[in-house]
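The following briefing sets out selected features of the structure shown here, grouped by topic for reference.

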Amino acid sequence: ERYDGRSALRLFEGVFESEAKTPFPDRSFVSDLSWVRGTTRALVRMRAYDNPGDYYSFDLWEGAGQELKPVTRLNLSSIDPKLFGQSRDLRYKSFDGLEIHGIVYAPEAWLSDGKRRPAILWPHGGPDWSESHDWRAIFQFWNLNGFVVFAPNFRGSLGYGKRFETLNDRDWGGGHIEDLVWGKRELARLPYVDPERIFISGGSFGGYSTLAAVTKHPAEFRGAAAFVALANLFTFLKSIPPDPAWQAEFGKEVGDPVKDEALLRERSPFFHADQVKTPLRVWQAANDVRTVKGEMDAYVARLRELGLPVEYTVLADEGHGLQRKESLEQVLQGTVDFFRKHL
């Protein structure tokens, strides 16, 4: 089960006859469960906000109070676990009264040391996705560099029911952008966040959300960083594979480029580049077939033609997923460096 930023693994004997009480901590994420043949012991991989994942053994019928026994030690980092950010729920009402759930990552010490720190708002990709109390290396990296991270599960996210999941169908760049902005304002109320130094960054659909947010709300964020983003919904729809299932899915979610031309033009940052006033950093993958380089080249060219602030880098030998270590380092550290310039 997955819900509200959490997951649950339930074990039964027979056909849902007797449920075993498991010893997994709250907010942990469990996978790769397997039984040890001829015994009542099992192996499981467990992750958490402060642990990228290790394997543990436990007895299926000893109950929730038993100790999980570590089998591996895959995290060889020398970083003190106390420096890692902890994940905390943050709920707020959006512009139309809809409750939005999000997750704040910040080390425990930040909550009481009296300092206000800069923050990064992270709109997730997908959009059929959600952020959770899981290990997120990107968030921990930004925490270690002094930034609070907030990941709202805006309308359209998974884990909040089917109706919630479909709220942004044919509304890309609409209600969910307001969810982000209202979330930013809620984040600004936290005593350890500096309300004047809140940035926004995301990739893929999250990159689109970043560009749409600074287009519609040019005075809300101190700076923005987008990678493998999309800026033109017409170009994006042309890149969708011709398979009928893909076409039907994105036709339902985004719209039809002919029937919905006015809507797609309104929601495409490319056509409203003149509205951008926020300092902007953009990375594009050279071989991306999901959010194509030509689209981002045209968007950046339009910004520069208008004399607007943008820094642009094309990542060579890279696709939409950013698999190369060098690319990930460049984007993560580059985001920190860019935002520090605008603190």
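In α4, the buried residues are Phe205, Gly206, Gly207, Tyr208, Ser209, Thr210, Leu211, Ala212, Ala213, Val214 and Thr215; buried means under 20% relative accessible area, exposed over 50%, and partly exposed in between, with a 1.4 Å probe and protein chains only. The model is predicted: local features need pLDDT of at least 70 and side-chain atom pairs count only at pLDDT 80 or more, whereas totals for chains, interfaces and linings use all residues. Residues are numbered from 1 along each chain as its sequence is written, and side-chain values use heavy atoms, with hydrogens and water left out.

**Helix α4**
- Because 11 of the 12 residues of α4 are buried, this helix is largely enclosed by the rest of the structure.
- Helices (H or I, at least four residues) and strands (E, at least two) are DSSP runs, numbered from the N terminus.
- The end C-alpha atoms of α4 (residues 205-216) are 16 Å apart, which agrees with the 16 Å that its 12 residues should span at 1.5 Å a residue; the expected span is 1.5 Å times one less than the number of residues.

**Strand pairing**
- Strand β7 (residues 51-59) pairs with β8 in the antiparallel sense over 2 bridges, and Ser57 stands opposite Lys69 in β8.
- Elsewhere, strands β15 (residues 280-285) and β16 (residues 310-315) run parallel and are joined by 6 bridges, with Val282 opposite Tyr312 in β16.
- From β15 the chain crosses through helix α8 (residues 293-305) to β16 in a right-handed β-α-β crossover; right-handed means that, with the strands pointing away from the viewer, the path from the first strand over the helix to the second runs clockwise.

**Largest pocket**
- The largest pocket holds about 830 Å³ of space.
- Of its 35 lining residues, Trp122, Arg136, Ile138, Phe227 and Gly321 are the closest to the centre.
- A pocket is an open set of points on a 1 Å grid over the protein atoms alone, where a 1.4 Å probe fits, with protein on both sides within 12 Å along at least five of seven lines; lining residues have an atom within 4 Å of a point.
- Grid points are joined across faces, edges and corners, and the volume is the space filled by probe spheres set on them.
- Helices α1 (137-144) and α9 (325-341) each supply at least two residues of the lining, and the largest share, 6 residues, comes from α9.

**Backbone features**
- The peptide bond from Gly126 to Pro127 is cis, with omega near 10°, and Pro127 is found in the loop between β11 (117-121) and α1.
- Asp32, in strand β5, has a positive phi near 55° although the residue is other than glycine; at 44% relative accessibility, Asp32 counts as partly exposed.
- Leu322 is also not a glycine and has a positive phi of about 50°; this residue is found in the loop between β16 and α9 and, at 6% relative accessibility, counts as buried.

**Helix α2**
- Arg163 is found in helix α2 (residues 162-165) and is exposed, with a relative accessible area of 63%.
- The C-alpha atoms of Arg163 and Asp297 are separated by 36 Å, and the two residues are 134 residues apart along the chain.

Conventions: Pairing = 2+ DSSP bridges.
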